[in-house]
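Please look over the model below with the following points in hand.

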Amino acid sequence: MPFDADVPQDPAALGQSPFLKACRREPVPHTPVWFMRQAGRSLPEYLKAREGVAMLEACARPDLIVEITMQPVRRYSVDAAIFFSDIMVPLRAIGVDLDIKPGVGPVIADPIRDRSGAARLRPLTPDDVPYVTEAVGGLVGELGDTPLIGFAGAPFTLASYLIEGGPSKNHDRTKALMYGEPGLWAELMDRLADITIAFLKVQVAAGASAVQLFDSWVGAVAPEDYRASVLPFTGRIFAEIEALGVPRIHFGVGTGELLGLMGGAGADVVGVDWRVPLDEAARRVGPGKALQGNLDPALLFAPWEVVERRARDVLERGRAAEGHVFNLGHGVLPTTDPEKLARLADFVHEASAR
Ligand code: CP3
């Protein structure tokens, strides 16, 4: 074994973690912080670990998953780790022919556009992803009192990659199928929801303390279409995960008009991008939910004084929420200076200490 997995996390100490408390809307000593896409991208030690190893190969190697997940935890005073993987990993694991191309993103060899394509999406079992179980187990031993966030892609975002064949600006083929073939759409979304549920369950069974459902591109959909064609499936995912007893975070980009519906789908925490101030987001989401967000990731390219002023504003507006987890409004951008992120994590703790 490349890591020591026999030091279990102490459930009582873990339960006191500011991140999990904020998710549960309990009082916290300081606002917890982590960064979407904190693992990888801008870290030189990540680039070194990945030398000569393709992305999907790295995601199937427990030693690399553990190392890359731990890198930002060593460097930054973040309150949570996020499992190093990708939203496409469970699809690859059930045999979808796909690759993750550097600088491009996921590319599908044979896009899914009909019933026989949808039928290729067979259920995921834990045996399809033994490296996930092994890596989560190893991480739980290394992380001590720091919670591990498991994650998965949501059906709309996964469907978009599968139907378009790769990244897409307008998601036109995806929407054509959603509008024009509701029966096929439902079958595809149901199969993806089952895969997502199974992938999240594997991570929680192995020791993840929270889960985040990334519906990154669902902001392309109008509220009424979200309600009719997306919410039934994300709703089922959150309902099935509820029994696992871990906080459920739901995030998408450009979702200002969907925040209430995304909370209503069953998340405990709604992730907010940088376009909607958190006090306004709290109003849109309504009571009974915590919020996560939402500093514009591009702000990290501004002078520190500007970052500090805007981070303070995020913290102040975040007080309107019943619980607040500080994060960026989307993932860390690849050329971000790690020193700035380190300073930001420290600043969030200092400025919010109570
Ligand atoms: O630190 C973390 O957040 C954990 C790891 C993580 C990755 N992908 C690693 C990764 C997470 C949570 C994801 C989720 C993911 N993957 C999403 C949802 C989050 C979001 O950003 O909205 C999406 C849409 C994907 C699909 C995907 N995979 C894209 C768009 C890309 C970027 C392509 C590029 O190179 O610009 C990937 C590749 C990817 N996933 C990388 C990493 C570290 C880069 C691959 C590399 O370094 O070679």
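**Notes on helices, packing and backbone**

1. The buried residues of α9 are Pro155, Phe156, Thr157, Leu158, Ala159, Ser160, Tyr161, Leu162, Ile163 and Glu164, where a residue is buried if 20 or more other C-beta atoms lie within 10 Å of its own, exposed if 12 or fewer, and partly exposed in between, with C-beta atoms placed from the backbone. Helix α9 spans residues 155–164 and is mostly covered, with 10 of its 10 residues buried. Just after α9, Gly165 takes a positive phi of about 95°. Helices (H or I, at least four residues) and strands (E, at least two) are DSSP runs, numbered from the N terminus.

2. This is a predicted model, in which local features need pLDDT of at least 70 and side-chain atom pairs count only at pLDDT 80 or more, while totals for chains, interfaces and linings use all residues. Residues are numbered from 1 along each chain as its sequence is written.

3. Helix α8, residues 130–143, has 14 residues and reaches 20 Å from its first C-alpha to its last, close to the 20 Å expected at 1.5 Å a residue; the expected span is 1.5 Å times one less than the number of residues. Buried residues of α8 include Val132, Val136, Leu139 and Leu143, and what covers the buried residues of this helix includes α5 (62–75), β1 (81–82), β4 (148–153) and α11 (182–206). Just after α8, Gly144 has a positive phi of about 60°.

4. For α5, the 14 residues should span 20 Å at 1.5 Å a residue, and the end C-alpha atoms are 20 Å apart, which agrees. Helix α5 is mostly covered, since 10 of its 14 residues are buried, among them Pro62, Ile65, Met70 and Val73. The cover over the buried residues of α5 includes α3 (44–49), β1 and α8, where two residues are in contact if their C-beta atoms, placed from the backbone, lie within 7 Å.

5. The axes of α11 and helix α13 (residues 231–242) come within 9 Å and cross at roughly 25°; axes are lines fitted to C-alpha atoms, for helices over the stretch in contact, and angles run from 0 to 180 degrees between N-to-C directions. That makes α11 roughly parallel to α13, given that angles under 35 degrees count as roughly parallel, over 145 as roughly antiparallel, 65 to 115 as roughly perpendicular and the rest as oblique. The contact is made by Met189, Asp190, Ala193, Thr196, Ile197 and Leu200 of α11 and by Phe233, Arg236, Ile237, Glu240 and Ile241 of α13.

6. Where does Trp34 lie? Trp34 is found in the loop between α2 (18–23) and α3, and it counts as buried because 24 C-beta neighbours fall inside 10 Å. Not counting residues up to four places away in sequence, Trp34 touches Phe19, Val78, Asp79, Ala80, Ile82 and Asn327. Trp34 and Gln212 are 178 residues apart in sequence and 12 Å apart in space, C-alpha to C-alpha.

7. Some backbone values deserve a careful look. Most residues other than glycine have a negative phi, and most peptide bonds are trans. Arg37, which is not a glycine, has a positive phi of about 60°; Arg37 is in the loop between α2 and α3 and counts as partly exposed, with 17 C-beta neighbours inside 10 Å. Phi of His171 is near 55°, also a positive value, and His171 lies in the loop between α9 and α10 (172–180). The peptide bond from Gly293 to Asn294 is cis, with omega near -5°, and Asn294 lies in strand β8 (residues 290–295).
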